[in-house]
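Student: Could you take me through the assignments in this model one by one, setting each value against the definition behind it?
Tutor: Gladly; here is the structure.

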Amino acid sequence: MDCPKSLTVGGIKIKVAKADLLSGGVFGQYEHDKHLILIDESLEGEELAETLRHEIMEAALCIGGTAFCEGMETEAMVRCCDSLFFPVWDKIREQYFS
C-alpha cells in the first residue's frame, strides 16, 4: 500500500512525503507552516493508513483553527478519535454499509 503524494484539506493542498521519523520516535507528523505531512518510510499496510489518517486529522484541526484555541490539546483530540471513535465507526461501517 502506498500513500498519496498530496491531498486537499479545507481547500488547502498538503504534500505527503516519507522520511526517517522512527529514529526520532514518531510515526508521522504534520508541519502546518509548510502544509506537509511526513510519514515514516518503514510504515506499510494498516499502520501506514492509520498514521496518515492521524496526520490528516491534525491538519484538519490546524487548518480549521481548532488547534490554536487556548487550552485545546490537538494531539489528545486526535488520539481520542484514533482510539475510541474510529474503531466503533469502522465496525458499524463494515456491518451496515459494506
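Student: Why is I12 called partly exposed?
Tutor: I12 has a relative accessible area of 27%, and because buried means under 20% and exposed over 50%, with partly exposed in between (1.4 Å probe, protein chains only), I12 counts as partly exposed. Bear in mind that this is a predicted model, in which local features need pLDDT of at least 70 and side-chain atom pairs count only at pLDDT 80 or more, while totals for chains, interfaces and linings use all residues. Residues are numbered from 1 along each chain as its sequence is written, and side-chain values use heavy atoms, with hydrogens and water left out.

Student: Where does I12 lie, and which residues is I12 in contact with beyond its neighbours within four places in sequence?
Tutor: I12 belongs to strand β2, residues 12–19; helices (H or I, at least four residues) and strands (E, at least two) are DSSP runs numbered from the N terminus. With contact meaning heavy atoms within 4.5 Å, and neighbours within four places in sequence set aside, I12 is in contact with L7, H35 and I63.

Student: What makes the pair K18 and D2 a salt bridge?
Tutor: A salt bridge requires a side-chain nitrogen of Lys or Arg within 4 Å of a carboxyl oxygen of Asp or Glu, and the side chains of K18 and D2 meet at 3.6 Å, N to O. This pair links distant parts of the chain, with K18 in strand β2 and D2 in the segment before β1, 16 residues apart. K18 is partly exposed at a relative accessible area of 36%, whereas D2, at 58%, is exposed.

Student: How many salt bridges does a search of the whole structure find, and which residues are joined into one network?
Tutor: The search finds 6 salt bridges. One of them joins D82 and R53, whose closest N and O atoms are 3.9 Å apart; D82 is in helix α2 and R53 in helix α1, 29 residues apart. R53 also forms a salt bridge with D90 at 3.8 Å, N to O, and because R53 lies in helix α1 and D90 in helix α2, that pair ties together parts that are 37 residues apart in sequence. By relative accessibility, R53 at 22% is partly exposed, and D90 at 26% is partly exposed.

Student: What makes a set of residues a nonpolar core, and which members touch the most others in the largest one?
Tutor: A nonpolar core is a set of buried Ala, Val, Leu, Ile, Met, Phe, Trp, Tyr and Cys residues joined through side-chain atoms within 4.5 Å. The largest has 18 residues, of which L7, I14, V16, Y30, I37, I39 and L52 touch the most other members. Its largest share, 6 residues, comes from α1.

Student: Which residues does L52 touch, not counting those up to four places away in sequence?
Tutor: L52 touches C3, P4, L7, V16, I37 and I39 on that count.
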